[in-house]
Amino acid sequence: MGWRGASCRLTIAGLAALLGFLAMLAGAAEGEGHSAPAASIEVRVWQDVLDGRRTYISARPAGGSWRTLGTVRLLLDDGLSPSGHYRYGDIELDVPSRDRPAPVTVDVRVEQDVRDDRRIYIRARVSGQSWDTLGMIRLPLDDGLTPSGRFRYGNIRLDVPLPGQRVVSLAGLAGVNGYRDGVGAQARFGWRAEASIGMTVDHDGSVIVADFRNHAIRRVLPDGTVTTIAGGRPGGTVDGPAETARFDGPSDVAVDGEGSIYVADCWGHRIRKISPDGFVSTIAGGDRPESGPLIRRDGRGTQARFLSPCSIALGPDGHLYIAEQTRIRRLSPSGWVSTFAGQAGQGYRDGPRADAQFARIQDIDVDAEGNLYVVDTNDYVPGEEDTYHTVRKISATGWVSTLFRTSSPRSGGLLATPQGIAVTDDGKVYVSNTGLNQISRVAGRHRLVPVAGTGIAGYLDGPRDVALLHLPGALDIAPSGALVVVDQGDSMVRLVIPPADGSFGAVEQAPGGEASRVDAVLVGPFAGQGAFGRYPYLGIDGFRDGPPGHARFHLPHGIAWDADGGIIVADTANHAIRRISPDGNVRTVVGGNGEGYHDGPRDRAQFSWPRDVAVDAGGVIYVADTGNGLIRRIAPDGTVTTVGDRERVFNWPSELLVDSDGTLLFSEWNRGTILRLSLEGELSTVVNAGNVFMDAFALDDEGTLYYATSKRAATTVWRVDAGGAVSTVLAGRPSIYGGVLSDYLPGLAVAPDGVLYAADWLFGHVVRISPDGEVTILVGRDSFSDSPHFQPAAILITPEGDLLVADSGMSVIWKITLPNEGGE
């Protein structure tokens, strides 16, 4: 903190946290609406009453003390005005701003009339901008005198407009959800984790929001004032006046030229209409059948049936387009519902709209010419194994074409589950790049131009290239040309303000989650009769003992070493425990007698979908008998008993191991817990991760516990050291937003150097996770000609450092040989 520089520079940033000195921005302050963004400073100019040329200047935080930052002499010797009538001195002020990573630099100029030194003027500008921003303001030095009477002074507050092209907040408070009307940050919206909150811009510039969680339709005025139009908690499908009407998960809205609002009542499976006088009616769709499957049916108005109509768009001819998962329906002005495009099944096909196929339609929009635009997340692109994110167009003549297509970010793609689309009058197509926290413009079949957001999830208003967004969703265009976006991760409505010419320049593309790959990895069958070497690598399920290429498994899941170097296998679908000897021969240890529950000799014992095994030093095998909710014990002679109380049923016991002390650890997948069973039979909780799935865990020789949890499509890998300290190894991005890992890692193994190996069942990957969380793919489905049947479920590390992987999809135990450090 202090004054510095020849022309003086006052740094306020260091005291910002202490004094709350913040720049005022559009909608940033609670209770304020959307106004021009500005940086606010308070300045005091002092003048010696005996020598008018002696001037000083102070600056302060709003409401603070003038003594906080001190006072500095301001020499009026930086120049003269062109007329020669005014001498001036300049000073730079670093003003902290919560919407920028660095303070805003504001230049202040004090001017003095050379003919009358008591006539003082002041100017201010954002550094590099014009001095004419605020003009020349007279500052009478009549606010008071110092106690000594030696100095007179005048105070002024300067609100310096900040440059345009910014992201600003219109309504809602970052990270706080709820249900409350109000102005700007006083308002609260619900939060929807699984899909975007719907939104459209009315002709008067107000924003209409389908507040899904609150079952309400809300309006946000241009000044940030939020009101409820109709609906509210509790949800329902009640028609009538706005005060009594109820919606059931409204997910999108559209508005016509008369001011009527159309609502996609997603959970209510119907289309509703709010007339200008506030009356709510059902215009299409209706209740689901009391029994039997949900149905779709074309027909007139309320005779038609929808299945979760979650996105709508109104065409220029009055037709309302309604998106379901794989189809687009159309409601005519006369009230008739027909299927406009797509089919019942998922797929990917362009062409005539009646023959076209979609997979997971996220959002739709219509341009002024009647062309329909569709954001479709698609797993069915011919010849591709990855998920693709597409922008497709249905022309007014009925032809479906792909405007843009990209793989997921984990494969180097540019989009991650886009959940909003908006088209301008001149045909520019913008999409919310939801998973990468940006807004982008489609510029070609494989080209995307990001226009706002850095890619880092968070909340920060400011210039487009530094602003932070958090899962941007629904998108529309305001009459001013601004992009309006529902920032659903923070439950806010925000604006992206364009420059004067209305065009958005590019910001830097957010990096995706693409993982590196290891070359020269060898994969071969270790046991089981897999169809290795020929597509589609289906494997051969069965139940047969014998040599490696003769034996058969059925959905093998868990594997563990025994004391003699053999491998014990939980052969899940055969309800059996098998052993692979060091020479590769397979025999049945116990089970294979059908699904059930029976303790006793090996030839009579029964299991129900056993998922994992562990072996203690005495050769006792423990089994996670998942279907029965029990832990079972197999003695060396093959006798099976139940561990603990038979009446104590665990919640999906799925992973287990024996530690160095002979204590048994096992997980309850559905409860997110790891439990410990001591040698004395006492049960205790080691980890209670809360409302998550406990996918896998592993223990190293030092007693450090590693475990993987999943929630809302994201996987997190944790570390608990021997002292109980918990740390995060990897906090993965949700898989639906392009994360490298899926949300199911059933296999985890730790090497002596702390490197983790994980089986990603959903993505079909075997990955390496470094101690600092870097993910590297070792084997993927491309090793099996992109067969979807490679589903790794468990991993063992061999003494040589290779991997053995139980593949429940192809019913094979694979051996993965890794290259040495020299790449050989």
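Predicted model: local features only at pLDDT ≥ 70, side-chain atom pairs only at ≥ 80, totals over all residues.
Side chains of opposite charge can pair when their charged atoms come close. In this model the count of salt bridges comes to 31. One of them brings together the side chains of Asp-48 and Arg-150, with 2.9 Å from N to O. These two residues belong to distant parts of the chain, 102 residues apart: Asp-48 is in strand E3 (residues 38–48), while Arg-150 lies in the loop between E11 and strand E12 (151–161). Their surroundings can be compared through the cut-off for burial, which is under 20% relative accessible area. Asp-48 has a relative accessibility of 1%, so Asp-48 counts as buried. Arg-150, with a relative accessible area of 36%, is partly exposed.

Another salt bridge joins Arg-329 to Asp-298, and here the closest N and O atoms are 2.9 Å apart. This pair also links distant parts of the chain, with Arg-329 in strand E26 (residues 327–331) and Asp-298 in the loop between strand E22 (280–285) and strand E23 (299–300), 31 residues apart. Arg-329 counts as buried because its relative accessibility is 0%, whereas Asp-298 is partly exposed at 36%. In Asp-487 and Arg-494 the reader meets a further salt bridge, whose closest N and O atoms are 2.7 Å apart. Asp-487 is buried, with a relative accessible area of 0%, and Arg-494 is buried with a value of 0% as well. Salt bridges can also share partners: Arg-296, Asp-298, Glu-324 and Arg-329 are joined in this way into one network.

Attention now turns to the aromatic rings. Across the whole structure, a search finds 14 aromatic pairs. Among them is the pair of Trp-652 and Trp-669, which is tilted, with 6.2 Å centre to centre and 45 degrees between the planes. This pair links distant parts of the chain, 17 residues apart: Trp-652 is in the loop between strand E50 (640–642) and strand E51 (653–658), and Trp-669 is in the loop between strand E52 (664–668) and strand E53 (673–677). Trp-652 is partly exposed, with a relative accessible area of 37%, and Trp-669 is partly exposed at 22%.

Trp-669 also forms an aromatic pair with Tyr-744, at 6.4 Å centre to centre. The planes of these two rings are 70 degrees apart, and the pair is edge-to-face. Tyr-744 lies in the loop between strand E58 (726–731) and strand E59 (747–750), 75 residues from Trp-669. With a relative accessible area of 14%, Tyr-744 is buried. Ring pairs link Trp-652, Trp-669, Tyr-744, Phe-693 and Trp-761 into a cluster.

Over the ring of Tyr-88 sits the charged end of Arg-109, 3.7 Å from the ring centre. Likewise, the charged end of Arg-646 is placed over the ring of Tyr-597, 4.0 Å from its centre.

Leu-145 is part of strand E11 (residues 144–145). Leu-145 is exposed, with a relative accessible area of 53%.

Note on methods
Residues numbered from 1 in each chain as written. Heavy atoms only, no water. Helix = DSSP H or I, 4+ residues; strand = E, 2+ residues; numbered from the N terminus. Buried < 20%, exposed > 50% of the residue type's maximum accessible area, 1.4 Å probe, protein only. Phe/Tyr/Trp six-rings, centres within 6.5 Å; stacked < 30°, edge-to-face > 60°. Lys NZ or Arg CZ within 6 Å of the ring centre and 35° of its normal. Salt bridge = Lys/Arg side-chain N within 4 Å of Asp/Glu carboxyl O.
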